[in-house]
Amino acid sequence: MNGIPISHILFVSTALFFIGIYGMFTRRNLITMLMAIELMLNSVNINFVVFNKYLWPGKLDGVFFTIFIITIAAAEAAVAIAIIINLYRNHQSIDVEDAVELKH
Amino acid sequence: MWSDYLQLIKAEGLVAIIMFILLFLKLGKKERNTESLLHFINVLLVINFISGFFFNAEGTLFGDMFQTNSLLSLEKNILNLGTLIISLQSFQWLKGHKHILEFYMLLLSTLLGMFFMISSNNLLMFYLGLELSTIPLAALANFDLEKRTSSEAAMKLILSSAFSSGLLLFGISMLYGATGTLNYQELSQQLTGTPLQILSFVMFAAGFGFKFSAVPFHLWTADVYEGSPVAVTSYLSVISKGAILFVFVSVLYRVFQNISVVWYNLLFILSVLTMFIGNLFALRQQNMKRFLAFSSVAQVGFILIGITGQSAAGSASVIYFILIYIFSNLGAFGVVSLVSAVTGKETVNDYKGFYKNNRMLSWVLAISLFSLAGIPPTAGFFGKFFLLLAGAGKTSSSGWQLNYILITIAALNMVISLYYYLRIIKAIFMDKNDNPVEKVKSTFSPNLSFIICVAGILVTGFASSAYDYIFSLVK
Amino acid sequence: MNLNLIIIIPLLTSIAVLFCKGLKQVRMISLIGAAIQLILSFVLLYAYWQERAAGNTSTFIFEYNVAWYAPLHINYHIGIDGISMAMILLTSFIVLTGVLVSWKMPARTSGGEMLSKEFFFLLLFLGVGAYGFFISLDLFTLFFFLELAVIPKFLLIGIWGSGKKEYSAMKLALMLMGGSALVFVGLAGLFFNTNTGDGTHTFDILQIAQMHIPVEVQKLFFPFAFIGFGVFGALFPFHTWVPDGHSSAPTAASMFLAGISMKLGGYGCLRVATFLMPDAAHYYSWIIIVVSCIAILYGAFATMMQTDLKYINAYSSVSHCGFVLLGIGILTQTALVGAVMQMVSHGLMTALFFACIGMIYDRTHTRQMSELGGLLKVMPFISTTFVIAGLCSLGLPGFSGFVAEVTVFMGSWEQTDVFYKIATIVACASIVVTAVYILRTIGKAILGPLEKNQYSLLKDAGWHEKWAASLLIIGIVAIGVVPFWLNHLIGPGAETIMSNIKNVTIIK
Amino acid sequence: MNYSEYISLILLLPLAGFVLLGLFGKKLFKQSSGMIGVLVLLISTVLSLYTAYQYFFVNGKLNDVYQTIIPVKYTWLQFASGTSIDMGITLDPIAVMMLVVVTFVSLMVHIFSLGYMKGEKRFSTYYSFLSLFTFSMLGLVVASNIFQIYIFWELVGISSYLLIGFYFDRPSAVAASKKAFIITRFADLCFLIGILILAFEGGTLDFNTLIHRLTDTQSSQYISITTASFLGVSVLTWALTLVFIGGAGKSAMFPLHVWLPDAMEGPTPVSALIHAATMVVAGVYLVARLFPVFSINEASLYIVTWIGAISAILAAIVACTQTDIKRVLAYSTMSQIGYMMFALGVAHLGGESGLGYTASMFHLFTHAFFKSLLFLCAGAVIHLIHSNEMNDMGGLRKYMPVTHITFLVACLAIAGVPPLSGFFSKEEVLLAAFHSNKLIYGIALFTSGLTAFYMFRLYFSIFWNKSKSLDTHAHEGTFSMKLPLIVLSICTLLAGFIPFGNFISSDGKNLELPFLLNFSIAPVLFALTGIVVAMRMYKKENNLPHRVAASLGGLYKAAYRKFYIDEIYLFITKKIIFNLIGRPAAWIDKNIVDGTMNGIAYGTGKVSHWIKGIQSGKVQGYALYFFSGIIVLAILVIYFWK
């Protein structure tokens, strides 16, 4: 049933991960950065599932982990967006470059 | 059956119960006298702290995802104490605040998360605890809703923590891929030290490094500390840092023992970097909170040296130091928060001639700073001494004696750090100031917290029993 | 005789001061406390003689040893031999006189208020550190007390000092802490290379002295310990805290600095570095000698060029403390005795000097030699005291300085190697230079015509100042005229150290 | 009566006097302190005379060789190596002789000062210092231990310092005292090193043991010290030369003499005591004390001889040109001590060859009397005139007859006119020189001529020459001032007839001093010519001196400027020591050593300023550091681990 070799899937997940990181580094918009982080988390999810399915099919802890990650990601996103909204209230902008008062 | 079940998660249970009580209060009628409410909460926290000494059992739960023993309950109780002190100190600040209950609920939920993290016996449980202790903190950082810096700080915290947890998770996933288990014991047997495992370990450690702000993962620290309310800052700098360090120590010693050579080198680099960068940044800070932030970064460098000791003495000295560190750092933060709550002054220059009108506060601040600097007879001296001693005790595998090089660097860094602590002392006692901070009148709860802190600083060092107790637990 | 008293009483005094009201009470309490300390130290001396007379031949007596941090093998272990006894006497003298000279609290803070309570508290607290340091027989305890004595100095100088006090205070604190950091590394290295037989380590000086530390280890850690303590003892080129620190400090603090805390260094070099690492001491001996000779001459020449009285005395302290290190470096018993004698003598002498300078400064409000002159006419007592201090410092027989220096010279001359002789001759040459600057100072400041007319209205010393000066002079003369008692006191202690040094395989 | 019962009183009484007057003099006995001082000295003088009698006539001899007796001895400082510094009292001929001289002259000076220092503000201080000096000098002469000599040597130096600077509000006095102390201190440094060498080689500090070990040719110490050599010179020579430099410093031998003339800033009685009779001869005494050791080392004796001779002639020449009467006397003192020195230098141990030794001591003895007499007379004169300058004086003989006569006696004595004491002692000195070295003899002869000349130049220009008119009730001073003059002049008259050789000789045996009439013609002739010339030039007021001075030209100027030695010293101290050593040292300390420390601090601050860019405030920057940190660490660790 599983014609797809594991390496392909890992390639996808890794690619996803680095795309996420790239987005994190380059995007100015806070929401987009958040999305980039979600990409990273999803690549992690794929990893877990794949490892569980291909390498250690005996137990399900990888899958469980995935579920938890998804949940927590949601929560994280919620809080993050709340904060971003508040930031917008104060700064009238959600460009990360505008919130650099604290430095050095 | 039920009884010992409850007994095992007693600490977590108590915190949860307190949260629920607060929740009900919230649901109840609106108008309430804030002061009495705060006192009530403090009483609850005192009860929580005291009960932390009793009915501590050993065992595991949830298919050994969760474990507890007397050492862990001691660590939890140390955190309880810290939380209590912070809540006492933030009295002045919260008095005028609308959302007291929310504040405490968020605070306690992070505490709960830390407890789970400490008791975790499984990476999943650890991850859950970590997130539970991180995400509410971001909300807390934003607690001064209308302050620009506060929201900026919160944004920085949530983004970088999410990023770091992403990397951490990636590490965990690779670890899982390499070993096929999430349970600590099995993991420790599976580890053989293949490059993949090491890479994943480094990512894993980076996640920790982010939380206890080791260079180069520390950059969020100063900004968040400066931006967020002082109570939250002190909570970040003491409680969450302490918790994650507890976990780090136990994880390293219990899980990654096989690749100890690797993490010895890793910690060597990290601690040297952390000490130097922390000190060098702290040298030129003007804002007290930011200054304390960097000083606490530097402190982590010393703690890491203690961890490299990698022995009973190592972990014992680390726990002991964190206990002392809570007293010292909270003493300093307490004064800062009180002053900033009353007068809104936060820069070093504002503290010039501070001694003129505030004798008591000046001495509290001075003693705490001496303790942070590691000057006898304060407890900080003992803590630092034992940390470095533990670090020196590790005979490194490589030919030339890294451990002595490490403590030499550390000792010299202590001199640098002494400089900026003395800078504050100088400002308080020696510098002239035409309009120094006028008399800051302090109420019962802050005073109580100061008494606790100073007593802790002065007693913990001489009373060797504290250290002996911790040591006996660790062994 | 319970040795703990020598720590407890000063501690209680300093704490009691905190609960006093007003200058009168504070200084009364501290005077009483200091007096008790002096008496106590004499009682201790008497008890010490009794013990010895009773045939107690153990190296250290009045030992008291309890486990402090058992898991780390840290004990609270105290005890005295002759050397510590001498240093305790010195300390008690300085504490009492220090309290006496700061009777009127002349120094005010930059804020302008008196803060007498804090002042005396810190002063007495400093004493606690010194006492503890001199009696502790456990490296940890030793280190604890060593660092205990640093910060009070910082506060004393920074708050009540004069001139560029913040700079000096910071410099002093940082350099001394740097020194103690090195000491720490040395101690740690020593600790982990000890072996009590059952594989555990120890901090106990006596035990370490018994066991033989591997030579390589000694070579590695001796410099740490020696330089570390050397910073306290004004080892060239780490002496630069001395001039600034002394000149900015208030009178009593200067007396403490030069009188006691520079001795901590010498004592540490002796008790820790040389005693516990004899092979390394042999190995590095020549370097120590060269450096200390440089310090002696160079300090003396630098003194010639100074114009501020306190700077003069500070630099001369560098030069005199060179003799201490020289005596330690030479590694003969006589030289060691000489070194300790020099510590005691210099302590008393320089304290007297600073006391005089302080008194003069309080009256004339200047320390510049060019603005002083002919003071002998208006304040005979102070001037005479000043002259006595000066004569002691230029090594005049009848005063303590001569005895100490001669002992060092004789000791170094016991070494047959010609290198030692040349070193000694170089060191000897300093006595001429010393004479030059001392007489120059006396001639300008004390003798000659009255520099300014308003000086003619100045008052001579008050009773407290007279007492302080007289006490110190008594000490100086007691050593200078009848030195044998001090010699007997120190002799055995030096002998034990020598016995350690003698039975090493000399490595060149 | 046994020595040990009272001998230490001779020392301790003056010490007690010092302590008593020094501590309480100001308050308790403002006036009586003088009398106390005199009384104390009187007692110790009597005691020392008694000692002398006991020693020389009763129990000093043992099968007619004078023994060295050590009645008192305490260990003062014990060294681990076994050597020790002892405090003791040695009695041997020269020590006893010096005891007498010191106490006696000191007593005279004490008495004289009663009148001279009357009404001084620091009267009691003065007397306490005098007692201190007497104590230290006595301690010096009876020393039984070479370090004891050093200790009292220093004490003598300091009391001289205190007394020279007695008028401390005169800058010149302060400067002079400083100069005196520092120069002698330099000499003492050499002395100390010499002592250390001797002690090391001899393995002891005790005089007799040391001398015994170093003189018997079998002992290991002798062999080691004579064979061992440093820079090609035998260690013994080094040691003795250094010791001699010490002596030369105190005795104002060329070139360390520059302090002596300036020392005249002190009160005149002090000059009489310290800078004429007692302290300045300490050097001679030191050499005499170590004479057995010196005598086995030709080289050091040679140095002693020549330094002595040069100082003698040089000082005499300078003395001829000075106009300050005390300076003239100072130079004459230096010249006479030169005599004693070279007399020692030409002597050898034992028998006839030891003549020089005896002669030297003899001259020391007589010189003490007439030179202190001269100074006291000068003191009396100055007391009257309130000036030291010759030009302010003249024709004083009718105002102060006693002073006049006594001064004349002293002048004749020092000029060596028979039958005064000076004649005899100088005779022996010349004889000793004649036997050993003709050149020295020549110098000595010429010097004695000069001596006569400048002394009488002094005499005539004070008491004759242009007659100054003083107010009528100008009187000569109190009885207390006259008495010492008379007593001393009597001593000066008679001292020559003491058969000195019976008491003091290089080997303690009896030495019959030869007295050859035909030999003594030459010196007497020289002396008389000197006197006649002086009378011709200075008895009446005339411009002859100026013409002579003009004709001598450069030589006169050089002599007048004391051969520019002071200038040379000034150059060395100011230019070389201060500018080339002192300033650089101070500069280095300020800029380099201290600069390094400050530099470190500054550097740290700079670094912390540079790296502040890391904390850019941009979250993405943080994330970047975070990520790259992980990568780098991973690489490093994996690399390490490999």
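1. Where chain C meets chain B, the contact takes 27 residues from chain C and 31 residues from chain B, two residues being in contact if their C-beta atoms, placed from the backbone, lie within 7 Å. On the side of chain C that touches chain B, at least two residues each come from β1 (61-69), α5 (139-148), α6 (151-160) and α7 (165-192) of chain C, and the largest share, 12 residues, is that of α7(C). Helices (H or I, at least four residues) and strands (E, at least two) are DSSP runs, numbered from the N terminus.

2. By class, this side of chain C has 20 nonpolar, 5 polar and 2 charged residues. Ala, Val, Leu, Ile, Met, Phe, Trp, Tyr, Cys and Pro count here as nonpolar, Asp, Glu, Lys and Arg as charged, and the others, Gly among them, as polar.

3. The model is a predicted one, in which local features need pLDDT of at least 70 and side-chain atom pairs count only at pLDDT 80 or more, while totals for chains, interfaces and linings use all residues. Residues are numbered from 1 along each chain as its sequence is written, and chains are lettered from A and ligands numbered from 1 in the order in which they are written.

4. Chain C also meets chain D, with 35 residues of chain D in contact with 37 residues of chain C. On the side of chain D that touches chain C, β3 (69-78), α5 (146-164), α6 (171-202) and α24 (565-610) of chain D each supply at least two residues, and α6(D) gives the most, with 12 residues. The residues of this side of chain D divide into 24 nonpolar, 4 polar and 7 charged.

5. Chain C itself has 20 helices and 2 strands, and its C-alpha atoms fill a box of roughly 75 × 55 × 45 Å, taken along the principal axes. Of its 508 residues, 67% are buried, that is, have 20 or more other C-beta atoms within 10 Å of their own.

6. Leaving aside neighbours within four places in sequence, B:Val202 is in contact with B:Leu266, D:Ile630, D:Leu633, D:Ala634 and D:Val637.

Notes:
Buried ≥ 20, exposed ≤ 12 C-beta atoms within 10 Å, placed from the backbone.
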